[in-house]
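Please follow the strand pairing in this structure first, and then turn to its loops and backbone geometry.

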Amino acid sequence: MQHMELDVIQRSIGWIEQQQPIWLCTVLNTYGSSPRGPGAMMSAISGGQFSGSLSGGCVEDDFLERIANGEFTQPSQIVRYGAGSPRTSVTLPCGGSIDVLVEYLLPNEESLNHLRHIEGALRGQGQWVKRVMVPQASQLPEPCQRGSGPVVEHQGDSVTIYLGAVTRVIIAGLSSVGQYCAQFAAALGFEVVICEPRREVIDNFAHLDMPVLEIFPARYIEQGGVHTNTAIVALTHDPRMDDLTMMEAVRTPAFYIGAMGSETTSAKRRQRLTDIGELTLTELDRIHAPIGLPIGSKTPAEIGIAVVADIVRVKNGM
């Protein structure tokens, strides 16, 4: 399942290629309660179609109505919704507010180049910085070194957005726990990649309604499916699959690597990875095993919550 911001940019590219101008919106700041944080994106066209979200549904209808009425035709501007906004009829939960950068992009090669730079950054193909001095058009994103994911700096009319890879979670093999991890990770807006080579297992999880790559997880990882904002979780209890996944995972820049199993199972795996995989102590120490936060979880859903919560903890530097 693809990350929402990637969907936004890819839909935007498609609209530009169809010779339609677009409005690209980026949340700059949030005050009080707001469902979408800084860096969240939405794009729209004049016909009322849109991709992504600014507030989980609170302001999108008003924004589309304003587009239809001919507003937002400057190359860039900053709009406030919620507390402190002149649009008193539009409110956010708990009196919160958001500041949104609105960019009007014409259907030309310059806009396509701009959007493709953003797409590459979100896919982990480099880190870029985008600068906007409202009401001027955005500068073409430039290479930078600033970590993963969108980071927004906003002061007056000056906006700087650091673009990096969106959080990717690789589910290495389907299981009852794996399906909950996939669903919880998707609910958090992460890009979810499920790798499962066993056709009979894929058939058993047809109800999951999420795309599954019919490939060994270790092969997907080996082929470059990992960037610095990637979490890899092995949840099958099958040593043949989980061990190979761990052996490839520790050779990547993934920020989180984990495998399911009790203390005893984890100790046996660690020994196998030492004896057969020849992993070093440094590589072994990168593996979270037993995986997940220690919340006394028993059921597959509870274990899934514990795993995804631990990924969030590490991602947030806790």
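In this predicted model, Thr26 stands opposite Met41 of strand 2. Strand 1 and strand 2 (residues 41-44) are antiparallel and share four bridges; two strands count as paired if DSSP finds at least two bridges between them. Strands (E, at least two residues) and helices (H or I, at least four) are DSSP runs numbered from the N terminus. Strand 1 also runs antiparallel to strand 5 (residues 97-105), with nine bridges joining them; here Val27 has Val100 as its bridge partner. Because eight of the 10 residues of strand 1 (residues 22-31) are buried, this strand is largely enclosed by the rest of the structure. Buried denotes under 20% relative accessible area, exposed over 50%, and partly exposed in between (1.4 Å probe, protein chains only).

As a predicted model, it requires pLDDT of at least 70 for local features and 80 or more for side-chain atom pairs, while totals for chains, interfaces and linings use all residues. Residues are numbered from 1 along each chain as its sequence is written, and side-chain values use heavy atoms, without hydrogens and water.

Arg198 belongs to the loop between strand 11 (191-195) and helix 5 (199-204), and is partly exposed at 23% relative accessibility. Beyond its neighbours within four places in sequence, Arg198 contacts Leu174, Thr236, Asp238 and Met241, contact meaning heavy atoms within 4.5 Å.

Most residues other than glycine have a negative phi, and most peptide bonds are trans. Asp209, however, has a positive phi of about 55°, and a cis peptide bond joins Val134 and Pro135, with omega about 10°.
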